Every structure is written in structure tokens, then in C-alpha cells.
Amino acid sequence: MSQLVISTLDELTKYEGTEMGVSDYHTITQEQIQKFADATLDHQWIHLDAERAKTESPFGATIAHGYLTVSLLPYLWSQITSIQNLKMQVNYEIESLRFNQAVVVNDRVRLRAKLLSVKNLRGIAKARLEVTLEIENSRKPAFTGIITFLYHFND
């Protein structure tokens with residue numbers, strides 16, 4: 001799928017109520033899990049100890065932190081839509097989020113996003129998105145939710 005390019009609030013509003021697209025797949029590696037653990041000080045064995053996870057975990061391998069998968073939202077969203085002509089973009093809100101299934105090391109995930117609404121807040125676009133993080137070859141997504149970005153477009 002080709003990336004949508006949006007440069008104004010009016011252009012963004014035209015997509016309100018539509019599925020914006022699907023990102024490329026991203027592989028969750030053990031190195032990425034380790035770096036996230038180091039950054040967040042969350043060193044639980046289920047994320048880092050491959051041998052123990054193999055024998056004691058119900059997943060048979062290490063799993064990504066749930067918040068690691070959430071932190072990929074801006075990166076994966078930017079593969080679907082290039083919002084240009086911005087002063088700044090702000091991660092504003094997670095209205096709802098449900099973790100449905102663990103992401104096992106080396107799983108490939110991708111984002112599916114629908115633009116639910118766009119509100120004009122004195123020239124700032126408040127964009128609410130329905131997001132689903134899909135796991136390749138799995139019927140159940142890693143998570144589903146509604147998030148909001150604020151886009152401060154240049155005049």
C-alpha cells in the first residue's frame with residue numbers, strides 16, 4: 001500500500017471515518033526487547049530469559065513488553081500516513097487499549113488504522129484513530145484501541 005501524504009487539516013478531515021491503511025510488518029527482536037527493558041527498567045524474566053521462558057512460560061519463548069508494542073504506534077502510523085507541513089505532532093491520548101495477545105520474540109507485527117474523527121481546535125487537528133496491532137499468521141491482534149494525535153500544522 002502506498003503512503004498517504006497529508007499537508008493540511010482540511011486534507012486530513014477528508015479521511016474522517018475511513019480506514020487509512022496498513023503498515024509494513026515489523027519484526028520484534030530480542031535485541032529490541034532488551035533495549036526496551038533497559039530503557040524502562042522492566043527486566044522481568046518473561047521478556048529477557050530465553051531459556052527460562054522456553055520451559056516456564058506459556059508462550060514457549062520471551063515476549064515483548066506490552067508497552068513496547070504500544071511505543072511502535074508513531075513509527076508504524078508514519079508508514080501509513082505522512083503528515084507534512086507540521087510545526088509539531090503530539091501523542092495526546094490513549095482513550096482505550098486492550099492487550100489481546102502476547103507478541104512473542106521474532107513475531108512480525110503491523111498496524112491497521114482507521115481515522116475515527118478530526119476536530120479543529122483553533123488550528124490544531126485532534127485526530128482520533130482506531131488502531132489494531134496485527135500479528136502475522138494470528139487471528140487475534142496484539143492490541144486494539146483508540147488513540148489521539150495532535151497535529152500543529154504550519155499556517
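Visitor: Over residues 17–127, how much of the chain is helix and how much is strand?

Guide: Residues 17–127 are 32% helix and 38% strand. Keep in mind that this is a predicted model.

Visitor: And how far apart are the end C-alpha atoms of that stretch?

Guide: They sit 11 Å apart.

Visitor: What does UniProt call residues 17–127?

Guide: The annotation there reads "domain: MaoC-like", and it comes from an unreviewed entry.

Visitor: OK, zooming out. How many helices and strands does the protein chain have?

Guide: Six helices and eight strands. Starting at the N terminus, the order goes β-α-β-β-α-α-α-α-α-β-β-β-β-β.

Visitor: Let's look at the strands near the end of that list. How do β6 and β7 run, and how many bridges join them?

Guide: They run antiparallel, with twelve bridges between them. β6 covers residues 108–121 and β7 covers residues 124–135. For a spot to look at, find L111, which stands opposite L133 in β7.

Visitor: How many residues lie between the strands in that hairpin?

Guide: Two residues lie between β6 and β7. In this hairpin R122 takes a positive phi near 50°.

Visitor: Which strand is β7 joined to by ten bridges?

Guide: That's β8, residues 143–153, and the pair is antiparallel. T132 has T144 in β8 as its bridge partner, and A127 is partnered with F149 in β8.

Visitor: What about β5 and β8, how many bridges there?

Guide: Eleven bridges join β5 to β8, again in an antiparallel arrangement. One place to check is S96, which stands opposite I146 in β8. So β8 is bridged to β7 and also to β5, going by how strands are paired here: at least two bridges between them.

Visitor: Is β8 mostly covered or mostly open?

Guide: Mostly covered: ten of its eleven residues are buried.

Visitor: Is N85 buried, partly exposed or exposed?

Guide: N85 is partly exposed, with a relative accessible area of 35%.

Visitor: New topic: charges. How many positive and negative side chains are there?

Guide: There are 16 positive and 18 negative side chains in the protein chain. The centres of the two sets lie 5 Å apart.

Visitor: What box do the C-alpha atoms fill?

Guide: Roughly 55 × 30 × 25 Å, taken along the principal axes.

Visitor: And how much accessible surface is there?

Guide: The protein chain has about 8,500 Å², and 47% of that belongs to carbon and sulfur atoms.

Visitor: Last one: what share of the contacts with a separation of 6 or more is between residues 24 or more positions apart?

Guide: In the protein chain, 70% of them.

Terms used. Residues numbered from 1 in each chain as written. Predicted model: local features only at pLDDT ≥ 70, side-chain atom pairs only at ≥ 80, totals over all residues. Heavy atoms only, no water. Helix = DSSP H or I, 4+ residues; strand = E, 2+ residues; numbered from the N terminus. Contact = heavy atoms within 4.5 Å. Areas by Shrake-Rupley, 256 points an atom, 1.4 Å probe, with all protein chains shown as cover. Lys, Arg positive; Asp, Glu negative; His and termini not counted. Charge placed at Lys NZ, Arg CZ, Asp CG, Glu CD. UniProt positions renumbered as here; feature names shortened; annotations may be inferred. Buried < 20%, exposed > 50% of the residue type's maximum accessible area, 1.4 Å probe, protein only.
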